[in-house]
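This report walks through a structure by its strands, its charged pairs and its sulfur links. Please keep the sequence and the 3D view at hand.

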Amino acid sequence: TATNRWNSSTCGSSTSSSIDEDWLAVHFDRERSVKCMNFAQGVDNTESELRVWACQDKDLPGVGNRSSWTPSSSCLAMQVIDISTGTVSNGARTSAKLQVARDIDCSAELSFEAAVQASERGDDDSVNCYCQQDIFDFCICSLLWKK
């Protein structure tokens, strides 16, 4: 049961162009390994993809204004999930079970700050993705790998 309600500063914006602008968090009572999910949206909604992030409690923002916090700066990217298909009933499109898996294709662009945080928590996969995206900055990638 959600006890703290929070609305994104861009909630309801149909002009959102960044994967970080509108987000919804799900917090579990204990550590869980989520491997699949279902997703439902109105049949008039045109969203076709969903980006999922896996976050540890220590990486989440504190209570208060969270409008400047972005999942991509602190959390592990999962593969983009296709939510364009599904069963339509009562004005909603509901997906079948959708696989939730780590983004090993490096499809999420990582900032330098996110790469530093990944290095500090020992997340070599995310550091590797950053270095693939910023291949020309070999010196920075070398420093990140040495931590």
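## Terms and model

A residue counts as buried when its relative accessible area is under 20%, as exposed when the value is over 50%, and as partly exposed in between. The model is predicted.

## The sheet

Three strands form an open sheet. Their order is β2-β8-β7, and the pairing is antiparallel. The edges are β2 (40–42) and β7 (87–89), each of which pairs on one side only. From one strand to the next, the twist averages 30°.

Strand β8 covers residues 92–94. β7 and β8 pair in the antiparallel sense over three bridges. Threonine 87 stands opposite threonine 94 in β8.

## Arginine 51 and its partners

Side chains of opposite charge can pair when their charged atoms come close. The whole structure holds four salt bridges. One of them joins aspartate 103 to arginine 51, with the closest N and O atoms 3.5 Å apart. This pair links distant parts of the chain, 52 residues apart. Aspartate 103 sits in the loop between β9 (98–99) and α1 (112–120). Arginine 51 sits in the loop between β3 (49–50) and β4 (53–54).

Are aspartate 103 and arginine 51 buried or exposed? Both aspartate 103 and arginine 51 are buried. Arginine 51 also meets a ring: its charged end sits over tryptophan 53, 5.6 Å from the ring centre. Separately, the structure holds one aromatic pair.

## The network around arginine 102

Which residues are linked in a network of salt bridges? The members are Arg102, Arg121, Asp123 and Asp125. Arginine 102 bridges to aspartate 123, and their closest N and O atoms are 2.9 Å apart. The two lie 21 residues apart: arginine 102 in the loop between β9 and α1, aspartate 123 in the loop between α1 and α2 (124–133). Arginine 102 has a relative accessible area of 24%, so it is partly exposed. Aspartate 123 has 8%, so it is buried.

Arginine 102 also meets aspartate 125 in a salt bridge, at 3.7 Å from N to O. Aspartate 125 lies in helix α2 and arginine 102 in the loop between β9 and α1, so this pair ties together parts that are 23 residues apart in sequence. Aspartate 125 counts as partly exposed because its relative accessibility is 46%.

## Disulfides

There are two disulfides. In one, cysteine 55 and cysteine 75 have their sulfur atoms 2.0 Å apart. The link is right-handed, with 105° about the S-S bond. Cysteine 55 and cysteine 75 are 20 residues apart, and each is in the loop between β4 and β5 (76–77). Cysteine 55 is partly exposed because its relative accessible area is 33%. Cysteine 75, at 3%, is buried.

The other disulfide joins cysteine 106 to cysteine 129, S to S 2.0 Å. This link is left-handed, with -70° about the S-S bond. Cysteine 106 lies in the loop between β9 and α1 and cysteine 129 in helix α2, so the pair ties together parts 23 residues apart in sequence. Cysteine 106 and cysteine 129 are both buried.

Cysteine 36 has a relative accessible area of 41%, so it is partly exposed.

Conventions: Residues numbered from 1 in each chain as written. Predicted model: local features only at pLDDT ≥ 70, side-chain atom pairs only at ≥ 80, totals over all residues. Heavy atoms only, no water. Pairing = 2+ DSSP bridges. Helix = DSSP H or I, 4+ residues; strand = E, 2+ residues; numbered from the N terminus. Axes fitted to C-alpha atoms, helices over the stretch in contact; angles between N-to-C directions. Salt bridge = Lys/Arg side-chain N within 4 Å of Asp/Glu carboxyl O. Buried < 20%, exposed > 50% of the residue type's maximum accessible area, 1.4 Å probe, protein only. Phe/Tyr/Trp six-rings, centres within 6.5 Å; stacked < 30°, edge-to-face > 60°. Lys NZ or Arg CZ within 6 Å of the ring centre and 35° of its normal. Disulfide = S-S within 2.5 Å.
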